[in-house]
Amino acid sequence: MGGVWFTPLTVLLLLAISSVVHSCPPSDLAALLAFKSALREPHDGIFNSWTGTNCCHNWFGVSCDKNSRRVADMNLRAGTVYTTLEKPHRAGYMTGHISPEICKLTYLSSFTITDWQGISGEIPHCISSLSFLRIIDLTGNRISGTLPADIGRLQQLTLLSVADNLIVGEIPPTLTSLTDLTHLDLRNNRISGPIPQALGNLQILSRALLSGNQLSGPIPGSISRIYRLADLDLSRNQLSGPIPESLGRMGVLSTLKLDMNKLSGRIPQSFMSSGISDLNLSHNMLEGNIPDAFGDRSYFTSLDLSYNNLKGPIPKSISSASYIGYLDLSHNHLCGPIPSASIFDHMDASSFAYNDCLCGKPLKAC
């Protein structure tokens, strides 16, 4: 049998068809170019590769779905540029804003633009229409405005981070319907108002980082229902009221930072023998005695109760703690002898300073 022969015109036609099949669609190309036009990056040239009509091929930070050829991931991390382009490490810098045209990338599942310092403007509220989004990471920019009110529409979202920006307004109540969320980072913004009472609906959340804002009101007791929560940081806010006792009965919570708030009442007894190893309750208005509830399950890499209104003696049961790496009980109203225990051997006087009448090693003898 004879071979199959193609004329030069047929070959060119087949190559053209192949190119169209493997290119991203014109709508995605147009959305990316509009996104690019709203930004300025003068140093590293990360957009230099954004040329031609095939945005699925060698466009820095852009990845496409292999089957549909639709843009699926955008990953523009400042740190990634240094590694990829092999330039000396220095802070990345990009200005401009995030164009709403990004919302035309309807198959987008990951949207990461981090640590560029100069990107401003608001988060396009139409981002809530991108139903395939799993990751939104806009950390380390100068983004302002509010979080989208209907962010709860993103039912596949697993990570939301807008840390280190200028976000204002309240946490949208709809955020508590993001039941696939595992990582929530809103640190160091200007977010105000209460923590939503229904935050406990986020059952598989492992990290909730809300520090450095202007949050007020009580700590919702529903948080204790988040059975996978390992890291809770609510420090440097204006939270008030008592600390829920139920936080000390959470199965995997290991880091709890509530420092620099306006919390009052007593320290929950459950905290002393829970699985929490990094506990910071400093700079609040806590009162009463330190719970006499330490035991062999008490293992603290750091325990900071400084700058409160605690009184009475240091409980004798602290001697039975398995480990206390760092301890700060300073600036309270504690009184009486410091228990003699090996866990105190590596601590100096600063751990116990500025109390009413503590005595014994490492302070002066009683």
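Cys64 stands opposite Val71, a residue of strand β3. Strands here are DSSP runs of E with at least two residues, helices are runs of H or I with at least four, and both are numbered from the N terminus. Strands β2 and β3 pair in the antiparallel sense over 3 bridges. Two strands count as paired if DSSP finds at least two bridges between them. The hairpin of β2 and β3 has 6 residues between the strands. There, Arg69 takes a positive phi near 65 degrees.

This is a predicted model, in which local features need pLDDT of at least 70 and side-chain atom pairs count only at pLDDT 80 or more, while totals for chains, interfaces and linings use all residues. Residues are numbered from 1 along each chain as its sequence is written, and side-chain values use heavy atoms, with hydrogens and water left out.

How confident is the predictor? The term pLDDT is its confidence in each residue, from 0 to 100. The protein averages a pLDDT of 91, and 90% of the residues score at least 70. Over residues 9-21, pLDDT stays under 50. That stretch has 3 contacts (heavy atoms within 4.5 Å) beyond four places in sequence. Residues 81-90 also have pLDDT below 50, with 18 contacts beyond near neighbours in sequence.

Back to the strands. β3 also pairs with β5, in the parallel sense, over 5 bridges. Met74 has Phe111 in β5 as its bridge partner.

Now follow Phe111 to the rings. Rings of Phe, Tyr and Trp (its six-membered ring) pair if their centres lie within 6.5 Å; planes under 30 degrees apart are stacked, over 60 edge-to-face, and the rest tilted. The whole structure holds 8 aromatic pairs. Phe35 and Phe111 have ring centres 6.4 Å apart and planes at 70 degrees, so they are edge-to-face. Phe35 sits in helix α2 (residues 26-37) and Phe111 in strand β5 (residues 110-114), 76 residues apart. Both are buried. Buried means under 20% relative accessible area, exposed over 50%, and partly exposed in between (1.4 Å probe, protein chains only).

Phe47 and Trp50 have ring centres 4.8 Å apart and planes at 75 degrees, so this pair is edge-to-face. Phe47 and Trp50 are buried. Ring pairs join Phe35, Phe47, Trp50, Trp59 and Phe111 into a cluster.

What does helix α2 pack against? Its buried residues, including Leu32 and Phe35, pack against β1 (39-40), β2 (62-64), β3 (71-77) and β5.

Key. pLDDT = per-residue confidence, 0-100.
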